[in-house]
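Let's walk through this structure together, looking at its charged pairs and at one of its sheets. Have the sequence and the model at hand as you read.

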Amino acid sequence: MSAGGPSLRWPARVNEIPKEVFLRPDIFEAELQRIFYGGQWHALAHLGELPEPGDFKTMVLGRMPVIVAHGDDGTVRVFVNSCTHRGNQLETASCGRRTEFECPYHRWAFANDGRLIGCPGAREFAPDFDKADHGLRQLRVAQFFGLIFATADRDTPPLEAWLGATVSALQDILGGDGRLRLLGYQKVRYASNWKAYADNDGYHAPLLHTGFRLLQWQGGQGSQTVTDNGHLAFKVQLKPVQNAGFLRDPSLVAFKGVDPQNGSRVVQLFPATVLTKHLDVINLRFAIPTSVDETEVHYAYFAHQDDDAELLRHRIRQSSNLLGPCGVISMEDAAIFQRIHVGSRSPGNAAFQKGVKRLDTLWHDFGQNDEAGNLPKWDYYRRVMGFARAGEGGDGHA
Ligand code: FES
Ligand SMILES: [Fe+2]
């Protein structure tokens with residue numbers, strides 16, 4: 001990291017993570033600059049959340065408020081949610097429909113394509129004032145099957161190159177063609193650092209989550225693909241248990257999709273977006289690192305636009321019962337995220353074990369249930385943050 005950035009000595013063993021990365025406010029501030037405002041794409045919405053011209057959604061990128069706006073011209077843009085006059089937060093609704101955004105402070109008005117179209121008293125403004133120079137600030141935007149990404153860095157690689165080997169699993173999650181329809185949200189704040197939330201692994205799934213055994217996540221065929229820039233993609237066949245006495249009505253875990261081989265897909269995109277399809281649940285999770293100690297996650301649930309009434313009903317029922325903060329197969333997550341955070345207030349390193357093949361250098365093949373698939377992500381994080389490994393020389397700054 002450039003001079004002045006946080007200093008941290010990273011362990012030499014590739015399976016170890018210093019626990020202090022979950023706790024240090026100076027590291028959190030550097031992450032905002034290096035990761036959230038740096039050379040990554042961040043999934044902020046799916047087109048299914050703002051399908052019509054005029055629709056918008058507000059979000060937060062890192063700590064920066066943004067508006068994802070579907071313009072009257074059909075283009076989706078991401079604006080910084082800050083008036084270009086004195087910086088007032090422009091929009092406070094979580095979503096809605098507007099042809100223009102009006103700032104209440106001095107009534108400047110912006111079209112939903114970002115142009116400044118009204119500013120009372122402009123004749124007495126500074127002599128060089130020109131409305132054309134004061135449109136809303138825009139971020140770079142790219143879409144993948146309707147999934148809307150933004151980046152604050154002009155040097156971030158093109159989106160598909162950045163997504164790399166996750167694209168096929170991601171396309172499956174997005175219904176094959178991206179024509180999704182929003183069902184609703186669950187929004188939750190986890191008492192955990194965003195990186196603990198983002199450490200997804202197949203190892204814990206059936207061990208922590210009693211309900212996950214309903215799906216026999218480890219009972220079928222599966223694969224885990226890991227990219228050098230910190231993404232993970234799981235393709236897993238499910239074998240739902242129909243009559244093991246867990247459920248009075250096993251239709252909750254029925255799979256009505258077209259291909260039983262496509263039972264489960266999980267894509268974890270660096271830094272903190274998780275996208276899943278379990279059975280017929282299509283779930284996109286948008287994470288906001290609200291502080292070093294807290295992560296807000298918006299679970300957005302979708303159907304496909306071509307679903308008939310029966311499949312739609314099934315998806316709503318399955319979504320609201322299986323996933324999210326109180327879902328049958330994931331309700332234990334919130335407690336574990338908090339307990340990792342509390343337990344990390346102790347010296348030393350956290351160590352990954354399941355699937356670790358070497359200690360001196362990373363490798364590229366990972367099994368479905370290896371927790372070690374997170375290690376390339378951690379190494380990428382370490383490099384982006386500029387933390388040198390012990391034995392690499394330097395003082396912890398790159
Ligand atoms: S700050 Fe928005 S109009 Fe003045
Ligand atoms: Fe979990």
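A salt bridge here is a side-chain nitrogen of Lys or Arg within 4 Å of a carboxyl oxygen of Asp or Glu. D360 and R358 form such a pair, their closest N and O atoms lying 3.1 Å apart. For accessibility, buried means under 20% relative accessible area, exposed over 50%, and partly exposed in between, using a 1.4 Å probe and protein chains only. D360 is exposed at 56%, while R358 is partly exposed at 39%.

Before going further, note that this is a predicted model: local features need pLDDT of at least 70, side-chain atom pairs count only at pLDDT 80 or more, and totals for chains, interfaces and linings use all residues. Residues are numbered from 1 along each chain as its sequence is written, and side-chain values use heavy atoms, leaving out hydrogens and water.

The whole structure holds 25 salt bridges. In one of them, K195 meets E31, with the closest N and O atoms 2.7 Å apart. This pair links distant parts of the chain, since K195 sits in helix α4 and E31 in helix α1, 164 residues apart. (Helices, H or I of at least four residues, and strands, E of at least two, are DSSP runs numbered from the N terminus.) K195 is buried at 3%, and E31 is buried at 1%.

Now turn to the open sheet, whose four strands follow the order β5-β4-β3-β6 with antiparallel pairing; two strands pair if DSSP finds at least two bridges between them. β5 and β6 each have a single partner strand, so one side of each is left without a neighbour in the sheet. Strands β3 and β4 are joined by six bridges, and M59 has V66 as its bridge partner in β4.

Terms used
Chains are lettered from A and ligands numbered from 1 in the order in which they are written.
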